[in-house]
Amino acid sequence: MQDKLDRIIEARMKLKTRFEKKMSETPSIADNRPMGTGPVNRHGMPKLPKGQTETQKWPVLDLGYHPEISLENWRLTINGEVENPVVLKWEDFMALPQTEDTSDFHCVTTWSKMDMPWKGVRLADLAALVMPKETATHIMCYGYDTYTTNVAIEEALKPDVLLAHTVFGEPLEKEHGGPCRMITPQLYAWKGSKWIKRIEFMNANKRGFWEERGYSDTAYPWRNDRYS
Ligand SMILES: Nc1nc2c(c(=O)[nH]1)N[C@H]1C(S)=C(S)[C@@H](COP(=O)(O)O)O[C@H]1N2
Ligand SMILES: [Mo]
């Protein structure tokens, strides 16, 4: 157990070193003229990105099909440009280091839900488990509903990017992507796949479902970067 944890920590430090510079230059951290209003959030951006309105409700947005995945049948495949591809069962996933983090959720359709207390596994910890090859630049995330979305690795490795199974102290509801979804608090929410099934590390960028239909590849909320 301790051994396994030590290995994850060591691999994570390596990855951190590899992507640190790129990560520190991403707009959600480094933009010196971010667009938005309100007090500064924890990564230095105005709390409410331009064109967004805060909502108390939590709307459901997806392709209309809510797949039912029992914990017993749930699998997460992580493969592609990695040293150690894995297929995790629910117990394997839950045995990984668990992170609690409160973050904001910005949907491109202009609503933002603030201060959502999530619990799950950091994408960075999953990456440390599979170890992306030197050639890896992006990931493609696949949902059980056939959804896909692409994310650059320097965004995916941010500490607030989780594969979340719990929110507001309760198991994530099916309509919001339960039992497990990804969240990307520093990018618009479509970059976080609900009902996540597979993460493919890639050696080039490729477009996902919405990106192929004119949504931005990069999706920076503080640049109003919605469509390409
Ligand atoms: N698998 C899957 N993930 C998805 C989507 C989807 O259609 N399928 N929609 C995306 C969009 S556009 C948004 S805004 C958020 C919405 O999450 P919510 O329904 O929990 O609010 O999920 C994203 N992840
Ligand atoms: Mo969305």
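Of the contacts in the chain with a separation of 6 or more, 65% are accounted for by residues 24 or more positions apart; two residues are taken to be in contact if their C-beta atoms, placed from the backbone, lie within 7 Å. The structure is a predicted model, in which local features need pLDDT of at least 70 and side-chain atom pairs count only at pLDDT 80 or more, while totals for chains, interfaces and linings use all residues. Residues are numbered from 1 along each chain as its sequence is written, and chains are lettered from A and ligands numbered from 1 in the order in which they are written.

The C-alpha trace of the chain spans about 45 × 40 × 35 Å along its principal axes. A compact globule of 228 residues would have a radius of gyration near 17 Å, and the 17 Å of the chain agrees with this; the radius is taken over C-alpha atoms, and the globule rule is 2.2 Å times the number of residues to the power 0.38. A residue is classed as buried if 20 or more other C-beta atoms lie within 10 Å of its own, as exposed if 12 or fewer do, and as partly exposed in between, with C-beta atoms placed from the backbone.

The secondary structure comprises five helices and 13 strands. Helices (H or I, at least four residues) and strands (E, at least two) are DSSP runs, numbered from the N terminus. In an unreviewed UniProt entry, residues 66-210 carry the annotation "domain: Oxidoreductase molybdopterin-binding"; UniProt positions are given in the numbering used here, feature names are shortened, and annotations may be inferred rather than shown by experiment. This span is 12% helix and 41% strand, and its end C-alpha atoms lie 18 Å apart.

An open sheet of mixed pairing is formed by five strands in the order β5-β4-β13-β8-β9, where two strands pair if DSSP finds at least two bridges between them. Because β5 (86-89) and β9 (148-152), at the edges, each have a single partner strand, one side of each is left without a neighbour in the sheet. Strand β4 (residues 75-80) runs antiparallel to β5 and is joined to β5 by four bridges. Ile78 has Val86 of β5 as its bridge partner.

Nonpolar side chains tend to be buried together in soluble globular proteins. Not counting residues up to four places away in sequence, Leu126 touches Ile78, Val121 and Leu163.

Most residues other than glycine have a negative phi, and most peptide bonds are trans. The peptide bond from Gly178 to Pro179, however, is cis, with omega near 15 degrees, and Pro179 is placed in the loop between β11 (170-171) and β12. Met131, in the loop between α4 and β8, has a positive phi of about 55 degrees. This residue is partly exposed, with 16 other C-beta atoms within 10 Å. Ala219 also has a positive phi, near 60 degrees, and lies in the segment after β13. Ala219 is buried, with 27 other C-beta atoms within 10 Å.
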